[in-house]
Amino acid sequence: DSYSDKQTKLRKPDWHEFLAGYLAGSINIIVTFPINKTMFRQQLHGISALEAVNQLKREGMISLYRGILPPLLQKSCSYSLMFGCYDQYRRTFHDGLGFGYTTSMVLSAILAGCTEAVLTPFERVQTLMLDAKYGKEFKNTPHAFQSLRVHGIREYYRGLSAILMRNGPSNVIFFSCRDKLRSFVPEHRKLGLLADFVSGACLGALISTLSFPINTTKTHMQKTCGGEFQSFISVFKALYLERGLWGMFRGVHVNYTRSFISWGITNVSYEYLRTTFRR
């Protein structure tokens with residue numbers, strides 16, 4: 001009887017994980033969107049943070065949240081899949097197939113990262129929406145989605161190789177270190193939230209810095225509309241030759257600050273919501 005109970009539990013996705021991930025993602029995006037936009041402009045035009053802020057100031061307050069819809073949809077679903085699928089895969093490998101703890105964790109983290117890559121079209125459109133060059137061309141997100149249709153389905157998945165290279169390893173680092181980091185903070189009800197924030201924030205800052213050149217390359221792969229598909233290696237090489245190693249990290253300080261805040265908010269919201277739903 002306990003075997004059949006176990007099988008039912010394995011097959012049934014845990015909606016708590018998915019919902020907590022979704023809501024945590026939404027909270028995070030609304031708070032960090034303006035910082036993200038500043039960093040994106042730096043990455044794109046190779047300008048200083050101050051210049052990017054002034055550029056956004058001139059465009060006005062309404063324009064500041066222009067293009068929030070794709071990241072809101074994409075990131076919320078992405079966090080939902082990341083936390084929900086990770087939990088689902090881990091239970092399948094560990095409890096169902098009897099894999100060891102570490103093996104289950106690594107495999108689940110990589111698979112959750114690959115599952116998240118289904119949402120590439122959102123990230124693709126977001127890149128076009130944030131680029132001032134396409135400001136006049138696309139009225140809004142649905143219009144941008146529609147405009148890509150003429151180039152065929154592959155156009156929506158431009159930059160997929162970079163996204164897969166980023167997602168899997170990032171998830172492995174996040175899920176393997178999160179609990180270890182958290183355990184350094186003494187157990188206390190009030191310190192619990194702080195511990196979740198700090199462990200999420202430090203890991204987010206580390207992961208985003210390590211994957212920064214991959215993201216810069218992805219932005220450049222996705223900034224073209226139509227035309228030939230360039231491989232990750234060729235775009236990376238061209239950028240490296242043009243900018244040098246330091247240039248590949250341009251905007252990284254804004255990025256780790258944003259990721260520190262963003263992952264701190266996401267992790268603390270996720271843990272809080274998950275605990276609340278479970279009660």
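His16 touches Phe277 and Arg278, residues up to four places away in sequence not being counted; contact here means heavy atoms within 4.5 Å. The model is predicted: local features need pLDDT of at least 70, side-chain atom pairs count only at pLDDT 80 or more, and totals for chains, interfaces and linings use all residues. Residues are numbered from 1 along each chain as its sequence is written, and side-chain values use heavy atoms, with hydrogens and water left out. The structure holds 15 aromatic pairs and twelve salt bridges.

- His16 is found in helix α2, where helices (H or I, at least four residues) are DSSP runs numbered from the N terminus.
- His16 counts as buried because its relative accessibility is 15%; buried means under 20% relative accessible area, exposed over 50%, and partly exposed in between (1.4 Å probe, protein chains only).
- The C-alpha atoms of His16 and Thr276 are 9.3 Å apart in space, while the two residues are 260 residues apart in sequence.

**Nonpolar surface patch**

- Trp15, Leu19, Tyr22 and Leu23 form a nonpolar patch on the surface, with about 360 Å² of accessible area together.
- Patches are made of residues with over 30% relative accessible area and no salt bridge, with like charges joined within 9 Å and nonpolar side chains (Val, Leu, Ile, Met, Phe, Trp, Tyr) within 5 Å.
- Accessible areas come from the Shrake-Rupley method with a 1.4 Å probe, and for residues only the protein chains shown count as cover.
- Leu19 lies in helix α2, which spans residues 15-45, and Leu19 counts as partly exposed at 34% relative accessibility.

**Aromatic pairs and charges over rings**

- Rings of Phe, Tyr and Trp (its six-membered ring) pair if their centres lie within 6.5 Å; planes under 30 degrees apart count as stacked, over 60 as edge-to-face and the rest as tilted.
- The structure holds 15 aromatic pairs, and the pair of Trp15 and Phe277 is tilted because the ring centres are 6.1 Å apart and the planes stand at 40°.
- Trp15 lies in helix α2 and Phe277 in helix α13 (residues 252-278), so this pair ties together parts that are 262 residues apart in sequence.
- Trp15 is exposed, with a relative accessible area of 51%, whereas Phe277 counts as partly exposed at 25% relative accessibility.
- Phe145 and Tyr156 form a stacked aromatic pair, at 6.1 Å centre to centre and with 20° between the planes.
- This pair links distant parts of the chain, eleven residues apart: Phe145 is in helix α8 (residues 141-148) and Tyr156 in the loop between α8 and α9 (160-182).
- Tyr156 is buried, with a relative accessible area of 11%.
- A cluster linked by ring pairs comprises Tyr79, Phe83, Tyr86, Phe174, Phe175, Trp263 and Tyr270.
- The charged end of Arg154 sits over the ring of Phe229, 4.1 Å from its centre, and the charged end of Arg158 sits over the ring of Phe229, 4.2 Å from its centre.
- A charge sits over a ring if NZ of Lys or CZ of Arg is within 6 Å of the ring centre and within 35 degrees of the ring normal.

**Salt bridges**

- A salt bridge is a side-chain nitrogen of Lys or Arg within 4 Å of a carboxyl oxygen of Asp or Glu.
- Arg90 and Asp87 meet in a salt bridge through their side chains (3.3 Å, N to O); both residues lie in helix α5 (residues 69-96), three residues apart, about one turn of the helix.
- Arg90 counts as partly exposed at 24% relative accessibility, while Asp87 is buried, with a relative accessible area of 7%.
- Lys218 forms a salt bridge with Glu123, and the closest N and O atoms are 3.0 Å apart.
- This pair links distant parts of the chain, 95 residues apart, with Lys218 in helix α11 (residues 212-222) and Glu123 in helix α7 (residues 120-130).
- Lys218 counts as buried at 7% relative accessibility, and Glu123 counts as buried at 8%.
- Arg124 forms a salt bridge with Glu155, the closest N and O atoms being 2.6 Å apart; this pair links helix α7 to the loop between α8 and α9, across 31 residues.
- Arg124 and Glu155 are buried.
- A network of salt bridges links Glu17, Arg178, Glu271, Arg274 and Arg278.

- The buried residues of α11 include Phe212, Lys218, His220 and Gln222.
- The cover over the buried residues of α11 includes α2, α7, α9, α10 (189-210), α12 (232-248) and α13.

Definitions and conventions. Helix = DSSP H or I, 4+ residues; strand = E, 2+ residues; numbered from the N terminus.
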